[in-house]
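Work through these exercises with the structure open beside you. Try each task before you read its solution.

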Amino acid sequence: MHRIIIDTDPGVDDAQAIAYALAHPDISVEGLTTVFGNASVDITTRNALQLLDVFGAGEIPVAQGADHPLQIPRFASPDFVHGKDAMGDIGLAPPTSLVDPRSAAQFIVDIANQLQGELTLVAIGPLTNIAAALRLDAGLPAKVRQLVIMGGTVVEPGNVTPVAEANFIGDPHAAEQVLAQDWPATVIGLDVTHQTLLYDQDLEKISAHCGDAGDLLRKSSRFYFDFYRGDKNLEKHEQSCAPMHDASALVYLTKPEAFTFVTGAACVIEDGPAMGQLVLDRKGSPYVMPHWEGRPKISAAMQVQAARVHDDFVDTLLRGFAA
Ligand code: RIB
Ligand code: CA
């Protein structure tokens with residue numbers, strides 16, 4: 001059983017990831033923590049509460065986190081990708097539950113201590129809350145089972161700049177601080193999420209068989225799919241489709257064998273034209289200059305059996321939300 005906190009900025013693809021986690025019998029969601037990213041944190045928190053209502057999981061706590069990056073101003077929200085409300089502008093009903101009184105960072109630290117080594121942190125937004133949790137408890141990396149991050153890219157071009165992925169450039173200083181710590185960290189970045197696609201016909205099927213949850217996922221995805229229709233890498237697909245960025249990080253928990261990794265020390269560029277770039281030492285041998293000596297290693301997913309990830313995602317939703 002994977003006992004997880006999802007640190008999230010919902011977000012159309014965050015909603016898909018949360019739905020998968022709730023539907024999977026081997027995953028227990030201990031809480032959601034929210035962060036700015038796809039919208040301000042007020043909006044992403046409201047979305048998290050609304051999603052849990054519609055997914056029938058209103059008892060799961062939601063703790064609100066950062067509304068801005070550690071050191072740089074917040075970039076404009078990508079409303080051209082996720083809509084103004086970050087959920088495809090479909091007008092969700094007001095939430096029925098209240099937010100947890102603790103900050104996201106405090107919530108993460110509390111649950112990590114409570115679960116004594118069993119907690120998996122899955123971060124699918126900018127890493128500001130994880131960096132804030134590290135400030136509260138520097139011993140956090142030793143207290144979690146693993147940290148799984150949707151973010152970054154090693155070889156694949158970025159989706160915000162030629163080298164930067166949205167979650168890492170959203171708070172590059174936080175990403176650098178998190179990757180500088182020695183914890184079992186796995187990065188599921190664009191190298192694999194640009195392969196793991198979800199198609200319109202999947203959402204039709206999910207909508208037909210998964211009640212209100214399926215309806216929400218299909219309707220909210222329309223805006224997102226429209227954005228990706230303009231992506232030249234996806235032109236070859238006849239059907240409308242979009243990357244399962246965030247859901248891929250959740251599927252990794254239950255199907256790690258579908259991914260191939262490179263392990264090495266990593267850093268994130270904090271400023272300049274390469275801001276947000278994930279740099280991974282793929283060679284691993286000693287170098288002439290000493291700067292990278294002693295940096296902890298992470299695992300970065302470089303290849304994926306995309307059909308397995310896709311099929312598992314769709315099957316899990318169909319089983320877990322069967323109406
Ligand atoms: O680059 C993809 C990531 O940024 C995902 O977490 C998605 O929600 C987006 O905003
Ligand atoms: Ca996200």
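**Exercise 1. Salt bridges**

Task: How many salt bridges does the model hold, and what is the distance in the pair Glu118 and Arg3?

Solution. Keep in mind that this is a predicted model. Start with the cut-off: a Lys or Arg side-chain nitrogen must lie within 4 Å of a carboxyl oxygen of Asp or Glu. With this rule, the count is 13 salt bridges.

Now take the pair. Glu118 and Arg3 meet through their side chains at 3.9 Å, N to O. That value is within 4 Å, so the pair counts as a salt bridge.

Glu118 sits in the loop between α4 (104-115) and β4 (119-123), while Arg3 belongs to strand β1 (residues 2-8). They are 115 residues apart, so this bridge links distant parts of the chain.

Glu118 has 37% relative accessibility and is partly exposed. Arg3, at 26%, is partly exposed as well.

Finally, look for further partners. Arg3, Glu118 and Glu30 are linked in a network of salt bridges.

**Exercise 2. Two more bridges**

Task: Which parts of the chain does the pair Glu176 and Arg295 tie together? How many residues apart are Asp226 and Arg229?

Solution. Begin with Glu176 and Arg295. Their side chains form a salt bridge at 3.0 Å, N to O. Glu176 is in helix α8 (residues 172-179). Arg295 is in the loop between β10 (278-280) and β11 (297-304). The bridge therefore ties together parts that are 119 residues apart in sequence.

Compare each value with the cut-offs: buried is under 20%, exposed is over 50%. Glu176 has 13% relative accessibility, so Glu176 is buried. Arg295 has 23%, so Arg295 is partly exposed.

Move on to Asp226 and Arg229. The closest N and O atoms of this salt bridge are 2.7 Å apart. Both residues lie in helix α11 (residues 211-229), 3 residues apart. Asp226 and Arg229 are therefore separated by about one helical turn. Asp226, at 45%, is partly exposed. Arg229, at 53%, is exposed.

**Exercise 3. The nonpolar cores**

Solution. First, find the core. The largest nonpolar core has 61 residues. The members that touch the most others are Ile4, Phe55, Leu217, Leu250, Phe259 and Phe313. Helix α1 (residues 12-23) gives the most, with 8 residues.

Second, zoom in on Phe55. Skip its neighbours within four places in sequence. Phe55 then contacts Ala15, Ile18, Ala19, Leu22, Ala213, Leu216, Leu217 and Phe321.

Third, look for another core. A second, separate core has 37 residues, among them Phe107, Leu119, Ala123 and Val268.

**Exercise 4. Helix packing**

Task: At what angle do helices α10 and α13 pack? What does the buried side of α5 pack against?

Solution. Take α10 (residues 200-209) and α13 (residues 306-320). Their axes lie 9 Å apart, at an angle of about 15°. Angles under 35 degrees count as roughly parallel. Therefore α10 is roughly parallel to α13. The crossing is right-handed.

Now list the contacts. From α10 come Asp202, Lys205, Ile206 and His209. They meet His310, Phe313, Val314, Leu317 and Leu318 in α13.

Turn to helix α5 (residues 128-136). The buried residues here are Thr128, Asn129, Ile130, Ala131, Ala133 and Leu134. They pack against β1, β2 (27-34), α4, β4, α6 (140-143) and α8.

**Exercise 5. Backbone exceptions**

Task: Which two residues does a cis peptide bond join? Is Ala86 buried or exposed?

Solution. Recall the background: most residues other than glycine have a negative phi, and most peptide bonds are trans.

The cis bond joins Pro10 and Gly11, with omega about -15°. Gly11 is in the loop between β1 and α1.

Ala86 is not a glycine, yet its phi is positive, about 65°. Ala86 lies in the loop between α3 (79-82) and α4. Its relative accessible area is 0%, so Ala86 is buried.

Gln116 also has a positive phi, about 45°. Gln116 is in the loop between α4 and β4. Its relative accessibility is 70%, so Gln116 is exposed.

Methods:
Residues numbered from 1 in each chain as written. Chains lettered and ligands numbered in written order. Predicted model: local features only at pLDDT ≥ 70, side-chain atom pairs only at ≥ 80, totals over all residues. Heavy atoms only, no water. Core = buried A, V, L, I, M, F, W, Y, C linked by side-chain atoms within 4.5 Å. Buried < 20%, exposed > 50% of the residue type's maximum accessible area, 1.4 Å probe, protein only. Helix = DSSP H or I, 4+ residues; strand = E, 2+ residues; numbered from the N terminus. Contact = heavy atoms within 4.5 Å. Axes fitted to C-alpha atoms, helices over the stretch in contact; angles between N-to-C directions. Parallel < 35°, antiparallel > 145°, perpendicular 65-115°, else oblique. Left-handed = near helix turned anticlockwise from the far one by under 90°.
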